[in-house]
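Biologist: I'd like a close look at one part of this model. Please keep the answer connected and spell out your cut-offs.

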Amino acid sequence: MTSLEAFNRIGPLRPREMSAHGGETPMTSGSTTNPASLPVAELLHVDKIYGQGEAQVKALDDLCLRVERGDYLAVMGTSGSGKSTAMNIIGCLDRPTAGTYRLNGVAVETLSDDQLADVRNRELGFVFQQFHLLPQLTASENVILPMIYAGIPPDQRRQRARQALERVGLGHRLDNRPNQLSGGQQQRVALARAIINQPALLLADEPTGALDSRTTEEVLAIFDDLNAQGITILLVTHEAEVGARAGRVVHFRDGRVAD
Ligand SMILES: Nc1ncnc2c1ncn2[C@@H]1O[C@H](COP(=O)(O)OP(=O)(O)OP(=O)(O)O)[C@@H](O)[C@H]1O
Ligand SMILES: [Mg+2]
């Protein structure tokens with residue numbers, strides 16, 4: 001199963017009401033530490049090994065990485081250096097083979113699959129290279145979907161979707177379906193969808209990889225705005241001009257941070 005299939009299967013498509021722990025967030029239960037003072041995400045000596053025996057690949061090798069609250073961090077590095085693997089772990093779409101991953105101070109390896117799906121719904125927003133909007137739904141309906149799974153009351157959903165779409169400059173395209181929108185507009189809908197439940201961390205894997213340079217600029221301007229409004233962003237990119245917009249760039253090599 002690819003990480004995207006995992007995202008679609010047990011990510012936003014899983015109603016929160018079905019959560020094993022009755023909707024109480026593991027991020028706050030039993031914790032006495034103020035989450036505001038903790039890194040949003042912290043990987044400590046993380047290994048990720050794919051495959052068995054001779055076919056084994058060590059995709060992450062003792063990776064240590066911190067994402068502080070309010071960061072805008074870009075991960076760069078050659079193909080195969082482990083960027084997407086790290087994003088999948090940070091996004092709770094996959095688990096480390098060894099080491100610890102803390103999200104808002106909680107060691108993710110202690111959570112059940114149900115709790116992990118719940119954390120994914122509550123704490124994380126995702127943007128992918130290929131947008132992954134549902135083609136039969138309008139822009140507004142695509143943004144409403146995660147609110148249904150998060151249990152937002154029906155009478156609030158449409159207005160919140162409109163506000164989120166206005167925030168990304170698409171207040172005039174609420175009722176258009178994805179095939180009636182440009183690539184940059186589709187990615188902006190995906191951004192509105194990603195931030196609708198106010199995630200602690202916005203994760204984006206090559207968010208401008210399918211866009212031309214003008215549209216890339218539009219989408220980067222949105223990332224700038226979102227970060228200025230306090231959203232923590234971690235993105236992966238091959239493009240130097242995209243990395244240059246971030247507050248901090250880390251380079252991966254052979255499954256760890258170079259330097
Ligand atoms: N599901 C998998 N099974 C086996 N090996 C995998 C799997 N996913 C990734 N790998 C291997 O792990 C290593 C890291 O892959 P990863 O996709 O994280 O790289 P990346 O830095 O995102 O590369 P790209 O820039 O091409 O997207 C590569 O050697 C890759 O072949
Ligand atoms: Mg990748």
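In what order do the 4 strands of the open sheet lie, and is the pairing parallel or antiparallel?

Modeller: The order is 2-1-4-5, and the pairing is antiparallel. Strands here are DSSP runs of E with at least two residues, helices are runs of H or I with at least four, and both are numbered from the N terminus. Two strands pair if DSSP finds at least two bridges between them.

A word on the ground rules. This is a predicted model, in which local features need pLDDT of at least 70 and side-chain atom pairs count only at pLDDT 80 or more, while totals for chains, interfaces and linings use all residues. Residues are numbered from 1 along each chain as its sequence is written, and chains are lettered from A and ligands numbered from 1 in the order in which they are written.

Strand 1 covers residues 41-50 and includes L44. Strand 1 is joined to strand 4 (residues 98-103) by 5 bridges, and the two run antiparallel. Two of the pairings can be named. A41 has L103 of strand 4 as its bridge partner. E42 faces R102 of strand 4.

L44 deserves a stop. L44 counts as partly exposed because it has 15 C-beta neighbours inside 10 Å. The scale calls a residue buried at 20 or more other C-beta atoms within 10 Å of its own, exposed at 12 or fewer, and partly exposed in between, with C-beta atoms placed from the backbone. Beyond its neighbours within four places in sequence, L44 contacts C64, G99 and T100. Contact means C-beta atoms, placed from the backbone, within 7 Å. L65 lies 21 residues from L44 in sequence, yet their C-alpha atoms are 6.9 Å apart.

Strands 4 and 5 form a hairpin with 2 residues between them. N104, in the turn, has a positive phi of about 50°.

Strand 2 and helix 2 (83-90) each supply at least two residues of the shell around ligand 1. Helix 2 gives the most, with 3 residues. The residues surrounding ligand 1 include Y50, V57, A59, G82, K83, S84 and T85. A residue is in this shell if its C-beta atom, placed from the backbone, lies within 6 Å of the ligand. By class, the shell has 3 nonpolar, 8 polar and 1 charged residues. Ala, Val, Leu, Ile, Met, Phe, Trp, Tyr, Cys and Pro count as nonpolar, Asp, Glu, Lys and Arg as charged, and the others, Gly among them, as polar.

For contrast, look at strand 7 (residues 201-205). There, 5 of 5 residues are buried. L201, L203 and D205 cover one side, L202 and A204 the other. Strand 7 is joined to strand 6 (residues 124-128) by 5 bridges, and these two run parallel.

Methods: Contact = placed C-beta atoms within 7 Å.
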